[in-house]
Amino acid sequence: MHYRQAKPRRSSTLLLAATCWLLAVIPMVHGWGGGHNPQTECILDLLPREVQARFSAETRKKIIHPDSHYPDSFNPFETEVPEDIRAILASSGI
């Protein structure tokens, strides 16, 4: 007896191709990721030079990450602005 091998349905092939395409493309187009850091860096760079000079490298790094990732982060967030940052902003009229 001779059995014919069944051919895959065209719709199954298209579904598989579409699924593979989505799995490949979705990581490249989702809205999460590195956007927070560059946006925060740009905002800090737009502050007046006198204000920028008052932020230490450590404070700037903390503002950029993790603070800029709130509210997308599931990690706890400091709800109080540290005293040194409040003093800098207040003395700069912000």
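**Salt bridges and a helix face**

Author: Let us begin with one side chain of this predicted model: Arg-60 has a relative accessible area of 26% and is therefore partly exposed.

Reader: With which residue does Arg-60 form a salt bridge?

Author: Side chains of opposite charge can pair when their charged atoms come close. Here the partner of Arg-60 is Asp-45, and their closest N and O atoms are 2.9 Å apart. Since Arg-60 belongs to helix 4 and Asp-45 to helix 2, the pair ties together parts that are 15 residues apart in sequence. Asp-45 is partly exposed, at a relative accessible area of 42%.

Reader: How many salt bridges does the structure hold?

Author: There are two. In the other, Arg-86 pairs with Glu-83, with 3.1 Å between the closest N and O atoms. An α-helix has 3.6 residues a turn, so residues three or four places apart point the same way. Arg-86 and Glu-83 are three residues apart in helix 5, about one turn of the helix. Arg-86 is partly exposed at 40% relative accessibility, whereas Glu-83, at 53%, is exposed.

Reader: Which residues of helix 4 are buried?

Author: Thr-59, Ile-63 and Ile-64 are buried in helix 4, which covers residues 57–64. Viewed down the helix axis, these buried residues fall within an arc of 135°, so they line one face of helix 4. The face turned away from them carries the exposed residues Ala-57, Glu-58 and Lys-61.

Reader: What covers the buried residues of helix 4?

Author: The cover includes helix 2 and helix 5. The protein as a whole has five helices and zero strands, and buried residues make up 14% of its 94 residues.

Terms used: Residues are numbered from 1 along each chain as its sequence is written. This is a predicted model: local features need pLDDT of at least 70, side-chain atom pairs count only at pLDDT 80 or more; totals for chains, interfaces and linings use all residues. Side-chain values use heavy atoms; hydrogens and water are left out. Buried means under 20% relative accessible area, exposed over 50%, partly exposed in between (1.4 Å probe, protein chains only). Helices (H or I, at least four residues) and strands (E, at least two) are DSSP runs, numbered from the N terminus. The arc is that of the directions from the helix axis to the C-beta atoms. Contact means heavy atoms within 4.5 Å. A salt bridge is a side-chain nitrogen of Lys or Arg within 4 Å of a carboxyl oxygen of Asp or Glu.
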